[in-house]
Amino acid sequence: MTGKAIESALIKAIAREPRIALFEHFFAIDVITAGKMARRQRKALPADADRVVGVYALDVRDRRVVTFQAPVVMLSSGGAGQVYLYTTNPDIATGDGIAMAYRAGVEVRNMEFIQFHPTALYSLSGKRFLISEAVRGEGAILRNAEGEAFMPRYHPQADLAPRDIVARAIDAEMKRTGAPHVWLDITHRNSAFLRSRFPLIHRFCTEEGIDISKDKIPVVPAAHYTCGGVATTLAAETTLPGLYACGEVACTGLHGANRLASNSLLEAVVMAHRGAASVAAYLGRTGKAAAPSAIPEWRDFGGGDLDERVVITHNWDELRRTMWDYVSIMRTTKRLERARTRIANLSREIQEYYANFSVDSRLLELRNMIQVAELIVTCALQRHESRGLHAVAEFPKKLSRAADTSVRRKF
Ligand SMILES: Cc1cc2nc3c(=O)[nH]c(=O)nc-3n(C[C@H](O)[C@H](O)[C@H](O)COP(=O)(O)OP(=O)(O)OC[C@H]3O[C@@H](n4cnc5c(N)ncnc54)[C@H](O)[C@@H]3O)c2cc1C
């Protein structure tokens, strides 16, 4: 509801501001950089002369790619929860901005730190609705398939332990008992209280046939927040002049290796404000002349529509299943390597499709998700310790010195 209030206020403010042109149903594909243009023309460009010059975007309704010239681009495309089979995130959270930045040669950092929310509703429809931690705050107890209240075995704060500890405990109990979920029990509270304290949760569960005042709620962990992302300063600057990032797409370092709930306001509101100031300063320094006059139009490879859409659907499912099974809450080096091999195959296949057919948003999202999955696995394999949200069986201890993991594409 907080998010809804912020979004409504933002949309109203945009509508009032005549200097803002809004392009709805446009899907940003890639950032255009001076370096990319020079490489296409086989010209040399000094490393420090690289900068943003625009964006290619798909006009989804007209099915054509449009070139936007721009001296500055601010990425604010959200997180990447959709790379996992189970996620609380909306459908748009496919990591587009992170993949775009990586392809442009920008530094991406700490992608192994994926926060899993411990209690998403387990529903056979596959949708994962978030059951807020406030329910445990009101005394709800987690129980395993045997009915045992298991959390006291894992942490002195039992059901009120930190999010990552609860998520790992649930994962361990599900693996131990073989059950597809655990239970959240708030049946000691009556229906009137629950309806007024948790109206949305009460309504959603009722629609799923669960009376939370009488029935235990089936819950599972689900991918919730991408703490890593496009590396930025605390002024939203990335490693590429003219490219900025704020919100969940960015890795500012503010979350460290673990995220406290509700800190997105800091990322999305404070960092957006700071980013706007730093964009104004950049434009003041470089002027609008920063964008070149002629950006080459999008090269359509002219292959027509995809011949077999089943490949997209299949690879989409395979990627998300691979990430859930091999790269989720508890990791091992062997599973991470297995995931790397599978994702490399998917990457080769999608590249072939990208090169031979006209693009559509589903194909572009899958390409981005595969890219982001590769980045998560690469960062996870770089970190030889368990820290915050990254737990790996071979390296159970935390190293004495905290360091970032980092990836950057070489051209
Ligand atoms: C169920 C749930 C509950 C949460 N509860 C809380 C909470 O209580 N407190 C809290 O602080 N945080 C909470 N969060 C986290 C918080 O909602 C997010 O971190 C935050 O909304 C991210 O904001 P954002 O602006 O970075 O991205 P988003 O809000 O995800 O917006 C990204 C936008 O970019 C667009 N976009 C994406 N890709 C492209 C593309 N290629 N081209 C064009 N447009 C694109 C999308 O359509 C979308 O409009 C919750 C998250 C979830 C999923």
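At what angle do helix α9 and α11 pack, and how far apart are their axes? The angle is about 25 degrees, and the axes lie 10 Å apart. Angles under 35 degrees count as roughly parallel, so α9 is roughly parallel to α11. Their crossing is left-handed. Keep in mind that this is a predicted model.

**The whole chain**

The secondary structure comes to eleven helices and 15 strands. Along the principal axes, the C-alpha atoms fill a box of roughly 70 × 50 × 50 Å. The chain has 411 residues, and a compact globule with that number would have a radius of gyration near 22 Å. The chain has 23 Å, which agrees.

**Helices around α11**

Helix α9 covers residues 310-326. From α9, the contact with α11 takes Ile312, Asn315, Trp316, Leu319 and Met323. From α11, the partners are Arg362, Leu363, Leu366, Met369, Ile370 and Ala373. By class, this contact has nine nonpolar, one polar and one charged residues.

Helix α11 (residues 361-382) also packs against helix α10 (residues 333-356). Here the angle is about 150 degrees. Angles over 145 degrees count as roughly antiparallel, so α10 and α11 are roughly antiparallel to each other. This crossing, too, is left-handed.

Which residues of α10 meet α11? They are Leu336, Ala339, Arg340, Ile343, Leu346, Ser347, Ile350, Tyr353 and Tyr354. On the α11 side stand Leu363, Leu366, Arg367, Ile370, Ala373, Glu374, Val377, Ala380 and Leu381. The contact of α10 with α11 has 14 nonpolar, one polar and three charged residues.

| Helix pair | Angle | Distance between axes |
|---|---|---|
| α9 and α11 | about 25 degrees | 10 Å |
| α10 and α11 | about 150 degrees | 9 Å |

**Domains**

The domain assignment gives domain 1 (2-81 + 92-114 + 225-290), domain 2 (115-224) and domain 3 (310-407). The C-alpha centres of domain 2 and domain 3 lie 27 Å apart. How many residues does each of these two domains give to their contact? Domain 2 gives seven residues, and domain 3 gives six residues.

On the domain 2 side, β6 (114-121) and α5 (163-177) each supply at least two residues. The largest share, four residues, comes from α5. By class, this side of domain 2 has three nonpolar, one polar and three charged residues.

How values were computed:
Residues are numbered from 1 along each chain as its sequence is written. This is a predicted model: local features need pLDDT of at least 70, side-chain atom pairs count only at pLDDT 80 or more; totals for chains, interfaces and linings use all residues. Axes are lines fitted to C-alpha atoms, for helices over the stretch in contact, and angles run from 0 to 180 degrees between N-to-C directions. Angles under 35 degrees count as roughly parallel, over 145 as roughly antiparallel, 65 to 115 as roughly perpendicular and the rest as oblique. A crossing is left-handed if the near helix is turned anticlockwise from the far one by less than a right angle, and right-handed if clockwise. Ala, Val, Leu, Ile, Met, Phe, Trp, Tyr, Cys and Pro count as nonpolar, Asp, Glu, Lys and Arg as charged, and the others, Gly among them, as polar. Domain bounds come from an automatic or database domain assignment. The radius of gyration is taken over C-alpha atoms; the globule rule is 2.2 Å times the number of residues to the power 0.38.
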